[in-house]
Amino acid sequence: APRTVLISGCSSGIGLELAVQLAHDHRQRYQVVATMRDLGKKGTLEEAAGDALGQTLTVAQLDVCSDESVAQCLSCIQGGEVDVLVNNAGVGLVGPLEGLSLAAMQNVFDTNFFGAVRLVRAVLPGMKRRRKGHIVVVSSVMGLQGVLFNEAYAASKFALEGFFESLAIQLLQFNIFITLVEPGPVVTDFEGKLLEQVSTAEFPDTDPDTLRYFWDFYLPASRELFHSVGQSPQDVAQVIVKVIGSTRPPLRRQTNARYTPLVALKAVDPSGSLYVRTTHCLLFRWTRLLNLGLRCLACGCLRFRIRPR
Ligand code: NAD
C-alpha cells in the first residue's frame with residue numbers, strides 16, 4: 001500500500017515542490033496530503049499537481065499554530081495514519097535585535113518550532129503503535145550555525161535540531177526515523193517576504209551603527225548569497241524525496257555542498273572562535289569592497305534599491 005505523507009506549508013516553495021514530486025512518483029509509492037494554512041492559495045499547487053490531483057495528492061487545510069486545525073486535518077485522513085510527516089511550514093525574521101518585538105520573535109518560534117512539535121505529538125502515537133514511521137524536518141544551515149541579524153530565526157532552527165536529535169534516540173526503539181534537512185539559501189517566496197518585511201520596518205531603539213551594518217553590509221551580502229549559491233526549491237525537494245525513499249534515512253542531510261566548509265569550521269574549532277571570526281571577516285571585509293565598488297559604478301547601490309532613504 002502507498003505510504004501516506006503529510007506535508008505542512010504546501011502553498012508555495014519547497015513544500016509545494018515536494019508534494020508535487022512525491023505525487024508523481026513513477027512507482028506510486030505515496031499518497032500525499034498537501035496541507036496549507038489558507039486554502040484560498042491552493043491554485044498554484046493544484047495546477048502543478050495536474051493529473052495527480054484527487055489521485056495521489058489531496059489538499060487539506062492545516063495551520064501548524066492551531067491545535068484544532070491539526071486535529072481537524074488528521075481526522076480527515078483515512079485511518080488517521082500518517083507514515084511520513086514533513087514539517088516544512090516556516091517563517092523568517094531578520095533585523096537588528098533591538099528593533100524587533102518579542103511578539104515577532106515568539107511568532108517565529110510558534111510556527112517553526114512549536115508548529116513542528118504540535119504535529120509530531122499528533123502523529124507519534126499512531127507511528128509508535130505501528131512501529132514504523134519517518135519524521136522529516138525542514139531545518140536550515142542556520143540550525144547548525146548562527147547568522148547575524150537572524151538570531152531568532154536561527155534559534156528556532158537550533159531548537160528543532162536539539163529537539164529532534166534528542167527524540168531520534170528514543171524513536172529508534174520504535175523503528176521510527178527522523179531526518180533534519182538543512183538547506184542553505186533557496187530561491188522561494190521566503191526571501192521576498194523577508195525583504196518586504198524589512199522595507200516597511202522602522203527598527204526603533206536601534207543605534208545608527210547597527211542600522212548601518214544591517215542595511216549596508218548584511219542585506220546586500222544576503223541578496224548576493226541568494227543569487228550566487230541559492231538552490232531551487234525543485235533541487236531541495238529532490239533531496240527530500242530521496243531521503244523519504246531510503247530504507248535507513250540519515251539524521252541530518254545538508255542540501256547544498258557549497259555550505260559544507262562553513263559548517264565544518266565549527267567541528268574544526270570546538271571553541272567556536274574560528275566560525276565567528278571567519279564569518280565576521282567575510283561579511284565586514286568582503287561587503288565593504290562590494291559596497292565601495294557599487295557606489296563607484298552606479299549611484300544606486302543595493303541599499304537604495306532595497307529601501308529608499
Ligand atoms: P515559503 O515561504 O515559500 O514556504 C513556507 C510555507 O510555510 C508557506 O507556504 C507558508 O504559508 C507556510 N506557513 C507559514 N506559517 C504557517 C502556519 N502557521 N501553518 C501552516 N503553514 C504555514 O518558503 P520556503 O523556502 O519554501 O520555506 C520552507 C521551509 O524551508 C521553511 O521551514 C524555511 O524555514 C526552510 N528554509 C528555507 C530557506 C530559504 O532560503 N528559502 C533556507 C533554509 C530553510
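**Tour: from the ligand shell to the sheet**

The model is predicted.

At S11, an N or O atom of the side chain is 2.9 Å from an oxygen atom of the ligand. At I14 the atom to display is a backbone N or O, 2.8 Å from a ligand oxygen. Then go to D63, where a side-chain N or O atom lies 2.9 Å from a nitrogen atom of the ligand. Switching to a surface view, the ligand taken alone exposes 830 Å², and the protein buries 97% of that.

Hide the ligand and select the strands. Seven of them form an open sheet with parallel pairing, in the order β3-β2-β1-β4-β5-β6-β7. β3 (57-61) and β7 (252-254) stand at the edges; each has a single partner strand, so one side of each is left without a neighbour in the sheet. Looking along the sheet, the twist averages 20° from one strand to the next.

Zoom in on β1 (residues 3-7) and β2 (residues 30-36), which run parallel and are joined by 5 bridges.

Finally, select α3 (residues 67-75). This helix lies across β1, β2 and β3, and runs at about 150° to β3.

Note on methods: Residues are numbered from 1 along each chain as its sequence is written. This is a predicted model: local features need pLDDT of at least 70, side-chain atom pairs count only at pLDDT 80 or more; totals for chains, interfaces and linings use all residues. Side-chain values use heavy atoms; hydrogens and water are left out. Two strands pair if DSSP finds at least two bridges between them. Helices (H or I, at least four residues) and strands (E, at least two) are DSSP runs, numbered from the N terminus. Axes are lines fitted to C-alpha atoms, for helices over the stretch in contact, and angles run from 0 to 180 degrees between N-to-C directions. Contact means heavy atoms within 4.5 Å. A polar contact is a pair of N or O atoms within 3.5 Å; within protein, one must be able to donate a hydrogen and the other to accept it, and residues adjacent in sequence count only if both atoms are side-chain atoms. Accessible areas come from the Shrake-Rupley method with a 1.4 Å probe; for residues, only the protein chains shown count as cover.
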